[in-house]
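Please examine the model shown below. The paragraphs that follow lead through some of its features in turn.

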Amino acid sequence: MDQAKAFFETQKQHVMTWVAAVKRTTAGTKQLKEAVANVQQAVPEVQAFAKDLQIQVEKMNFKNQPLLDRIAEAQARIQTELVSLKKKK
């Protein structure tokens, strides 16, 4: 009788452990579904932000290009002057 009772207690523990694992899996699945929904909701906002950021970068590059060209020209003049000064020595 004790062996049968011990056997059934062991089986009961296995079933309880299995039920707990199923509950954890169900809760994890629910959390995963919520997380995926949140990501899917955020994706269009992130895409819009990235597009806006790209537009702003292109505008800034367009505005800065004349300044960068003048800086490059000034550097070239300075280099030319330095070379000519070295030759005069």
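A residue is called buried when its relative accessible area is under 20% and exposed when that value is over 50%, while anything in between is partly exposed. The model considered here is a predicted one. In it, Phe7 has a relative accessibility of 48%, so Phe7 counts as partly exposed. Phe8 reaches 56% and therefore counts as exposed.

These two residues also meet through their rings. A pair of aromatic rings is described by the distance of the centres and the angle of the planes. Ring centres must lie within 6.5 Å for a pair, and planes over 60 degrees apart count as edge-to-face. By this rule the structure holds one aromatic pair. The ring centres of Phe7 and Phe8 are 5.6 Å apart and their planes stand at 70 degrees, which means that the pair is edge-to-face.

Together with Val15, Val19 and Val22, Trp18 forms a nonpolar patch on the surface. The accessible area of these four residues together is about 360 Å².

Gln13 is likewise found in helix 1. Because its relative accessibility is 48%, Gln13 counts as partly exposed. How far apart are the C-alpha atoms of Gln13 and Leu68? The separation between these two atoms is 75 Å, and the two residues are 55 residues apart along the chain.

Notes. Residues are numbered from 1 along each chain as its sequence is written. This is a predicted model: local features need pLDDT of at least 70, side-chain atom pairs count only at pLDDT 80 or more; totals for chains, interfaces and linings use all residues. Side-chain values use heavy atoms; hydrogens and water are left out. Rings of Phe, Tyr and Trp (its six-membered ring) pair if their centres lie within 6.5 Å; planes under 30 degrees apart count as stacked, over 60 as edge-to-face and the rest as tilted. Buried means under 20% relative accessible area, exposed over 50%, partly exposed in between (1.4 Å probe, protein chains only). Patches are made of residues with over 30% relative accessible area and no salt bridge: like charges are joined within 9 Å, nonpolar side chains (Val, Leu, Ile, Met, Phe, Trp, Tyr) within 5 Å. Accessible areas come from the Shrake-Rupley method with a 1.4 Å probe; for residues, only the protein chains shown count as cover. A salt bridge is a side-chain nitrogen of Lys or Arg within 4 Å of a carboxyl oxygen of Asp or Glu. Helices (H or I, at least four residues) and strands (E, at least two) are DSSP runs, numbered from the N terminus.
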